[in-house]
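Me: I'd like to get to know this protein one step at a time. Please start with the words I will need.

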Amino acid sequence: MDAKDKLIVALDVENANQALKLFDSLHDSVGMFKIGIQLFTAAGPEIVQQIVSRGGRVFLDLKYHDIPNTVAMAAIEATRLGVSLFNIHAAGGHEMMKRTANAVAEVATRENLAKPKVLAVTLLTSIDQETLNQIGIDDVPKIAVGRLAKLARESGLNGVVASAQEIEIISESVSQPDFLIVTPGIRSATDAAHDQRRTMTAGEAIRAGADYLVIGRPILEAADPVRAAQDFVNEIDEALRTTAGQSEFAEQSRSQSVQ
Ligand code: C5P
């Protein structure tokens, strides 16, 4: 996978025109576009179809959370829209996640569609200890994140959305290397943090083990969004080279120690 394929731009804008303008200018520089509740509420499934029909890959970030049958039915429609990734709340439980994963696999086979990857939202990064206690969970956030990630994997999901600080606990809780970690909250040293509390740079998140990075305002609000996106891609590329170098080195040392 190229560095650019790992960059997902969050199309957090208020209408289809703005979204399509950004899509057209960034399509060659980034791998995927995230459509969340703001744009979807304003522009509906048509904006997803338009981007997909122009050759864009879409992460549909609607965080479904409902009874198992309802989420599974919504997941079938997301598959029919042609999205590459979408997400559901792990707090919906094993049955909700399992039925969703099965429904996606079945409809993709039956209707000859590409099968999207289904991601779990473990805990929203805005949830702190106090909020967890309010809803009756006594664990510290890190423990809850690890447990929900493991449950998502056991329920057949393909990965999680997780802040860079949670990558370690997720890798410890789920050992499968193909379990995807999609990470928002990315900022360069010179970017404003906005409402993100704990940020990491793109390079740090990739080195920590993120598979995809979701970046919104540092690109959308840049004087030159294309340039900003390319700078992030270069940073991802450099981090991939150093991690590849490290794994090669680790591999060599392992095989030398085995001989
Ligand atoms: O503008 P910024 O780079 O902060 O955008 C990050 C995107 O990722 C937003 O669309 C936000 O909703 C989303 N997100 C997040 N933190 C999560 C899950 C999703 O920032 N835990």
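This is a predicted model: local features need pLDDT of at least 70, side-chain atom pairs count only at pLDDT 80 or more; totals for chains, interfaces and linings use all residues.

Me: How many strands close into the barrel?

Reply: Follow the order β1-β2-β3-β4-β5-β6-β7-β8 around the barrel.

Me: Which residue in β2 is the bridge partner of Ile 8?

Reply: Ile 8 belongs to strand β1, residues 7-10. β1 is joined by 3 bridges to β8, where Ile 8 stands opposite Val 214. Another 3 bridges join β1 to β2, in parallel, and there the partner of Ile 8 is Met 32.

Me: Are the residues of β1 that point either way buried or exposed?

Reply: Leu 7 and Val 9 point one way from β1, while Ile 8 and Ala 10 point the other way. The cut-offs are under 20% relative accessible area for buried, over 50% for exposed, and partly exposed in between (1.4 Å probe, protein chains only). On that scale, all four of these β1 residues are buried.

Me: What is the bridge partner of Thr 183 in β8?

Reply: Look at strand β7, residues 180-183, and strand β8, residues 212-215. They run parallel and are joined by 2 bridges. In β8, Thr 183 is partnered by Leu 213.

Me: Which element gives the largest share of the lining of the largest pocket?

Reply: A pocket is an open set of points on a 1 Å grid over the protein atoms alone, where a 1.4 Å probe fits, with protein on both sides within 12 Å along at least five of seven lines; lining residues have an atom within 4 Å of a point. The largest pocket has 37 such residues, with Lys 34, Lys 63, Thr 125, Pro 184 and Gln 196 nearest its centre. β2, α2, β3, β4, β8 and α9 each supply at least two lining residues. The largest share, 4 residues, is from β3.

Me: How many charged residues are in the lining of the largest pocket?

Reply: Here Ala, Val, Leu, Ile, Met, Phe, Trp, Tyr, Cys and Pro count as nonpolar, Asp, Glu, Lys and Arg as charged, and the others, Gly among them, as polar. The lining has 15 nonpolar and 11 polar residues, and its charged residues number 11.

Me: How many nonpolar residues line the second largest pocket?

Reply: This pocket is lined by 13 residues, and those closest to its centre are Pro 177, Phe 179, Ile 181, Gly 209 and Asp 211. Of the lining, 4 residues are polar and 2 are charged, and the nonpolar count is 7.

Me: Phi of Asn 112 is a positive value; is this residue buried or exposed?

Reply: Most residues other than glycine have a negative phi, yet phi of Asn 112 is near 55°. Asn 112 is found in the loop between α4 and β5. Because its relative accessibility is 73%, Asn 112 counts as exposed.

Me: What is the relative accessible area of His 194?

Reply: His 194 has its place in the loop between β7 and α8, and its phi is also positive, near 55°. His 194 counts as partly exposed because its relative accessible area is 35%.

Me: How far apart are the C-alpha atoms of Ala 192 and Leu 62?

Reply: Ala 192 lies in the loop between β7 and α8 and is partly exposed, at 46%. Along the chain, Ala 192 and Leu 62 are 130 residues apart, and their C-alpha atoms are separated by 25 Å.

Key: Residues are numbered from 1 along each chain as its sequence is written. Side-chain values use heavy atoms; hydrogens and water are left out. Two strands pair if DSSP finds at least two bridges between them.
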